[in-house]
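Me: I'm new to this one. Can you walk me through it in short answers?

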Amino acid sequence: MNFKKLIVIFCAMWFGLASAEVHSDHGASAEDGGKYNPVPFIMHHIQDSHSWHLWGEGDNSFGFSLPVILFDEGLKVFSSSKFGHHEDQVAEVDGKFYKLYHNKIYETDAQGTLQMEGDHPTNKMPLDFSITKVVAQMFLAGLILLILGFGAASAYKKSNVPSGLAKFMEPIVVFVRDDIALQNIGSLRYKKYVPYLVTLFLFIWVLNILGLVPGAANTTGNIAFTMVLAVFTLLVVNFSGRKTYWGHMFDPLGNNMPWAGKILVYLILVPVELLGIITKPFALMIRLFANMTAGHIIIMALISLIFIMKTYMITPVSLGLSLFIYVLEVLVAALQAYIFTMLTALFIGSAVEEPHHDH
């Protein structure tokens, strides 16, 4: 398949996605005067969901329901199809009634009554362990990584010369090992962190690529997902911290000053150093979330120009710019995976570095 055909396919996919979303109840909202409001369409695209909708609407829609797992006076497992095509119906399970509101599940009565306080329901919320669209895509990415890993391992059992999936995996592993782990952690201790860093890089990269497929979930644009990755980095860095790391944290000036002269300075430096334990992974969390979400919003906004301006004359410009941003997002997908992994390795390196001695 040549590049021109690939461009045509991507344009058709994005235009079809936009048309389907805009005419759905989620995306087609109008304000007074008949002006098209793209916000519901964009927010629906980047938010999580309890069902995986691909295209179409109503009886002509194509997608599949995901399992809902609740703990409310016992474990309750049922399909999200109980909430209906538009996720606006009341689901009855074991004599209890539940309703979705902004992708959150609330316990209601048989009529689906929500007690509102402002814009937020005050109904009881059961513990929700559902397999949502974001979670399902995480499982899919995990399955892809297992296939890549075991496929490469199988190839190496046959020959030391890489073949098949090993040809794809070896440059990535060597790149992460030599250019990220070795350069930022150091030659003494980098090897034990290579598996974690390779997994982190591939997991983020695969999820970023999957998120660019029309109809897929924006997993790395989910703040809860990036927060968990940041927490893993927080734990790895601080559990790896050596004596010099914690010594610098609580005694940043060392023996350069007598204690009587540096107590006042420490009242400022030590809290700042301790705050850095949280701010570093927090920056990782926000950076990945913001960059991946921004790309999706820009693409959806460009597609919405067709319906805001109410003319298909703008279609070539809208789709041309969308395709440009889309190709840019493919590069950003790898770049953000690299930045997250590289900064993680840098933080680990600062925690395990050897003390410096003056000669």
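Me: Arg 177 first. Buried, exposed or in between?
Reply: Arg 177 is partly exposed, at 34% relative accessible area. Buried means under 20%, exposed over 50%, and partly exposed in between, with a 1.4 Å probe and protein chains only. This is a predicted model: local features need pLDDT of at least 70, side-chain atom pairs count only at pLDDT 80 or more, and totals for chains, interfaces and linings use all residues. Residues are numbered from 1 along each chain as its sequence is written, and side-chain values use heavy atoms, with hydrogens and water left out.

Me: Which residue does Arg 177 form a salt bridge with?
Reply: Asp 178, with the closest N and O atoms 2.8 Å apart. A salt bridge here is a side-chain nitrogen of Lys or Arg within 4 Å of a carboxyl oxygen of Asp or Glu. Asp 178 is partly exposed too, at 24%.

Me: How many salt bridges by that rule?
Reply: The count comes to 4.

Me: Which residues are linked in a network?
Reply: Glu 73, Lys 96 and Glu 107. Lys 96 meets Glu 73 at 3.6 Å, N to O. Lys 96 lies in strand E8 and Glu 73 in the loop between strands E5 (67-71) and E6 (75-79), so the pair ties together parts 23 residues apart in sequence. Strands are DSSP runs (E, at least two residues) and helices are too (H or I, at least four), numbered from the N terminus.

Me: And what about Glu 107?
Reply: Glu 107 forms a salt bridge with Lys 96, the closest N and O atoms being 3.3 Å apart. Lys 96 is in strand E8 and Glu 107 in strand E9, so this pair ties together parts 11 residues apart in sequence.

Me: Where is His 102?
Reply: In the loop between E8 and strand E9 (104-108). His 102 is exposed, at 63%.

Me: Last one: where is Phe 239?
Reply: In helix H6 (residues 223-240). Phe 239 is exposed, with a relative accessible area of 73%.
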